[in-house]
Amino acid sequence: MIQDFFMAGFGGQGVLLAGNLLAYTAIEAGLNASFFPAYGVEKRGGAANCTVVLSDGDIGSPVIGHPSTVLLFNPLAAEKYYPQVKVGGFCLANSSLIKDLSIRSDIETVMIPATDMAIEAGDARLINMVMLGALLGRNQIVSLDAVKSGLAGILPERNHRFLPMNNKAIDAGFAFTNR
Amino acid sequence: MKRLFVKGNEAVAMGAIEAGCRYYFGYPITPQSDIPEYIAREIPKVGGVFIQAESEIASINMLLGASASGARAMTSSSSPGISLKQEGISYMSGSELPGLIVNICRSGPGLGGIDASQADYFQSVKGGGHGGYRIIVLAPDSVQEMYDLTMLAFDLSDRYRVPALLLADAVIGQVKEALVPHPYVAPADLPSKEWAVAGKQGRSDQRIVKSLYLGDGELEAHNWRLHAKYEELKKHEVRFEAYQTEDADFVVTAFGSAARIAKSAVMMAREAGLKVGLLRPVTLFPFPEQALSELADRGIPMLCVELNTGQMVDDVRLAVKCRVDVAFYGRAPGAGSLPTPEEIFKQIQKNMAAKL
């Protein structure tokens, strides 16, 4: 088994944290994982993306040309990476920001109002957890509970007060796709 | 032991401290700054010294000094900073001083960019400074190897009294993977540093660390002595990974991050029923000439993949002595220029079709 994931958005949306969390949870679950981040030199607002590869065996390239599962957080990412999704692949697109995507017929695309759902869960910045939850609703390569305890594992103690709202956002995303 | 989830750069820092390195000298530059960041935080806890020097040139000369006193010490930087260190590396080589230099390469020439690059290959393996010397060059391709080869680099460097360079790039430095840290065990036969200038301590003999030889024939003899060590390294310290080469009709050769990407392409080729293998040099100096030569004996054509416009391919071609074709596929480093496994797979198909 080898699966690859690609997530892209702008800095501040937590794209890298979501990818990091997915890979960390997989490692804790005994899988092999690589997490490769790429981001602009800006602290906020620059392009941010990451590639996560999970496997129960060897991982070759941490870089993937045509990823099979893609999470798109903003219009710029959609413009650049939607055409790159592997034929037969799966794409989750944030419809709160991505308005005019011409849907490909050779992949499965799910539009999710992730920014709106994040605001509803308490903060627009929870979008990464909504998107990750929605991914898990479709692909339980790691379990929902494992991701939640993974989040507690990677967040510094001082930020643990934010765990309940993050978990709420993960659940909202999960419920959206796992209907 | 527990598997940790860490960055390649952090693994270098962890491996260095575990291997007993207690002196770090450096100056910040992307994409290697996680190394000094980690060491600045952790080395004081084990009684070590972290110095952010005023420049790259100062830090390589601090490494020279620490090493001359017998300490296990290191510096790290990225390409433009490593260029600045070349003078010091030449002096260390001439003075037969061990020490670890880490280059987490970025693109160039000049200031270039912060993206992964393998364009420092020539600078690393051919003696980047003046005077005709070689250094030990190790090229990790994973977070685990960043840890393991850092330890090995210290041991090899101490054993041969030749500086060691760990050559990685922005991909291997920034990628996070599982790491199983393990305790450092010093090789039992590692020679003690009887040349170190650490005070006389009651001895009557005088120790001198220098690279200046003015007497008739002295410098020539010194150079031949250095040359003999490089030959010893070639004989005893070559390391490489041969992946699915036993039954291969075609072999890809690549190091570091390019080898990781190429490995996926080789997996794709195998799934498509093509008998393709990967020969990955782990030591770039000494270079696995023999392993490549043996593939050439079997008449196996090759494809060399690099994140540059063609450097290691020269050494591959020298090793196979024109007996087989060696094709090259490279991407000049820069934003958006990382090749994908799919791209390399196409190159494999194209080159195999031309052969069969």
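**Entry 1: a sheet in chain B**

I looked up B:Y23 and found that its bridge partner in β3(B) is B:V49. This is a predicted model, in which local features need pLDDT of at least 70 and side-chain atom pairs count only at pLDDT 80 or more, while totals for chains, interfaces and linings use all residues. Residues are numbered from 1 along each chain as its sequence is written, and chains are lettered from A and ligands numbered from 1 in the order in which they are written.

Strand β2 (residues 23-26) of chain B and β3(B) run parallel and are joined by four bridges. I count strands as paired if DSSP finds at least two bridges between them; helices (H or I, at least four residues) and strands (E, at least two) are DSSP runs numbered from the N terminus.

I read the order of the open, seven-stranded sheet as β3-β2-β4-β5-β7-β6-β12 (chain B), with mixed pairing. At its edges stand β3 (49-52) and β12 (283-285) of chain B, each with a single partner strand, so one side of each has no neighbour in the sheet. Neighbouring strands are turned by 20 degrees against each other on average, direction ignored.

Helix α3 (residues 56-68) of chain B packs on this sheet and touches β2, β3 and β4 (73-77) of chain B. Its direction makes about 165 degrees with that of β4(B). Angles run from 0 to 180 degrees between N-to-C directions, with axes fitted to C-alpha atoms, for helices over the stretch in contact. Contact is taken as C-beta atoms, placed from the backbone, within 7 Å.

**Entry 2: two helices of chain B**

I checked helix α1 (residues 8-18) and helix α2 (residues 34-42) of chain B, which pack at about 40 degrees with axes 8 Å apart. Among the contact residues I noted B:V12 and B:I17 of α1(B) and B:I35 and B:Y38 of α2(B).

**Entry 3: chain A against chain B**

I found 17 residues from chain A and 18 residues from chain B in the contact. On the side of chain A, β2(A) gives the largest share, six residues. β2(A) pairs with strand β8 (residues 176-179) of chain B in the antiparallel sense over two bridges. In β8(B), B:E177 is the bridge partner of A:S34.

**Entry 4: chain A alone**

I recorded six helices and six strands for chain A. From the N terminus on, its elements run β-α-β-β-β-α-β-β-α-α-α-α.

Notes:
Contact = placed C-beta atoms within 7 Å.
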